[in-house]
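Here is a short briefing to read alongside the sequence and the structure. It starts with the whole chain and then moves through helices, strands, aromatic rings and loops.

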Amino acid sequence: MLSWGKKGVTEWYLDKAAAKNLDVKMLLVKKYQDIFKENQEIIDTLLSNSNLSKIHLGFVPDDFKKKKHQILIVGRETRGWDLKYLEKYDKNSVYQLMDLSKSWVIRNLERSDSVNKKGKCFFNFFRKVSQENPNASILWANIFCVSYKKSNPSKIDTKSVFANIKKISEFLLKAQIEILQPNIIIFASGLDRQAIIARRAYFKDDLKPSGKSVVSGLDKKYLEQFYFSGNYDEDILCYRTVHPSSIREHSVIALKELRKILKSKTMD
């Protein structure tokens, strides 16, 4: 079903049966292209800022329709993300950016030599979840669609630019959820204050409060469970946890426990 959202942004709502019967990749491509077209001035401004990475677009894995479960892992931002030959954001760039994220994931899943390297923690977690859940297709998104000087874009010194980053990021993240309809979402963006504020603002009407701790004796700030509702057949199970780069004792426990939970949810 297609409807028009606030501020002229096209909104797509599909039931799960319809999504499975359509070319999901093309639906996501079309949605991304609509977002680019309807926000062309903003995204062109982001492209002109040399301190910002190119926009990250999540892709559709080859095994998407073959797997019973879909797990969307949402990070914070993509450090060092770049496409030096990308000169403008248009319809063709959507394919380029989706192909880049796909090859990035494949490369990181296959490279065992990068397991202990600094900056690889997110993809180490991504790899473990992928290996431990053979019945699930693993999807990738970010709270922020760009990085600033290879770091969190909240550090940028211009509030209006950060506001625009959040605006586009919200549209792109919602597009993935609306089109791909994962049955589990993991917000692994950590305890970063701006990331938490952004997540709550993006989904202020869709996240079911309040989250609860899922491990006895472990504060829910390390691992929290809640639900995402909306125009879907059923609620989506969500977990918020620390960023995989955290080495605190409770953080390590939280990530291990979350991996156990995911295995139990995708065994069938």
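**The chain at a glance**

Of the 268 residues of the protein chain, 53% count as buried. Please keep in mind that this is a predicted model. The secondary structure comes to eight helices and eight strands.

**Confidence and contacts**

- The protein chain has a mean pLDDT of 85, and 85% of its residues reach 70 or more.
- Among contacts between residues at least 6 apart in sequence, 71% join residues at least 24 apart.

**Helix 8**

- Helix 8 covers residues 249–265, which makes 17 residues, and it reaches 25 Å from its first C-alpha to its last, close to the 24 Å expected at 1.5 Å a residue.
- Its buried residues are Ser-251, Ala-254, Leu-255, Leu-258, Arg-259, Ile-261 and Leu-262.
- As background, an α-helix has 3.6 residues a turn, so residues three or four places apart point the same way.
- Glu-249 and Lys-260, on the other side of helix 8, are exposed.
- What do the buried residues of helix 8 pack against? Their partners are strand 3 (69–75), helix 5 (121–132), strand 5 (184–187), strand 7 (223–228) and strand 8 (236–241).

**Helix 5**

- Helix 5 has 12 residues and reaches 17 Å from its first C-alpha to its last, close to the 16 Å expected at 1.5 Å a residue.
- The residues buried in helix 5 are Phe-122, Phe-123, Asn-124, Phe-125, Phe-126, Arg-127 and Val-129.
- The buried residues of helix 5 pack against strand 3, helix 4 (91–110), strand 4 (136–142) and helix 8.

- Strand 3 and strand 5 run parallel and are joined by four bridges. Ile-71 has Ile-184 in strand 5 as its bridge partner.
- Strand 5 and strand 8 also run parallel, again joined by four bridges. Here Phe-187 stands opposite Arg-240 in strand 8.

**Aromatic rings**

- How many aromatic pairs does a search of the whole structure find? The search finds 11.
- Phe-122 and Trp-140 form a tilted pair, 6.5 Å centre to centre with 40 degrees between the planes. This pair links distant parts of the chain, with Phe-122 in helix 5 and Trp-140 in strand 4, 18 residues apart.
- Phe-122 counts as buried because its relative accessibility is 9%, under the 20% cut-off. Trp-140 counts as buried at 1% relative accessibility.
- Phe-123 and Phe-126 form another tilted pair, 6.1 Å centre to centre with 50 degrees between the planes. Both lie in helix 5, three residues apart, about one turn of the helix, and both are buried.
- Phe-187, Tyr-202, Phe-203, Phe-226 and Phe-228 form one aromatic cluster.

**Loop residues worth a look**

- Asp-82 lies in the loop between strand 3 and helix 4, and it is partly exposed, with a relative accessible area of 31%.
- Leaving aside neighbours within four places in sequence, Asp-82 is in contact with Lys-54 and Leu-100. Asp-82 and Leu-100 are 18 residues apart in sequence and 9.1 Å apart in space, C-alpha to C-alpha.
- Most residues other than glycine have a negative phi.
- Lys-150 has a positive phi of about 65 degrees although it is not a glycine. Lys-150 sits in the loop between strand 4 and helix 6 (159–180) and is exposed, with a relative accessible area of 59%.
- Gln-181 has a positive phi of about 45 degrees, and it is not a glycine either.

How values were computed. Residues are numbered from 1 along each chain as its sequence is written. This is a predicted model: local features need pLDDT of at least 70, side-chain atom pairs count only at pLDDT 80 or more; totals for chains, interfaces and linings use all residues. Side-chain values use heavy atoms; hydrogens and water are left out. Helices (H or I, at least four residues) and strands (E, at least two) are DSSP runs, numbered from the N terminus. The expected span of a helix is 1.5 Å times one less than its number of residues. Buried means under 20% relative accessible area, exposed over 50%, partly exposed in between (1.4 Å probe, protein chains only). Contact means heavy atoms within 4.5 Å. pLDDT is the predictor's confidence in each residue, from 0 to 100. Two strands pair if DSSP finds at least two bridges between them. Rings of Phe, Tyr and Trp (its six-membered ring) pair if their centres lie within 6.5 Å; planes under 30 degrees apart count as stacked, over 60 as edge-to-face and the rest as tilted.
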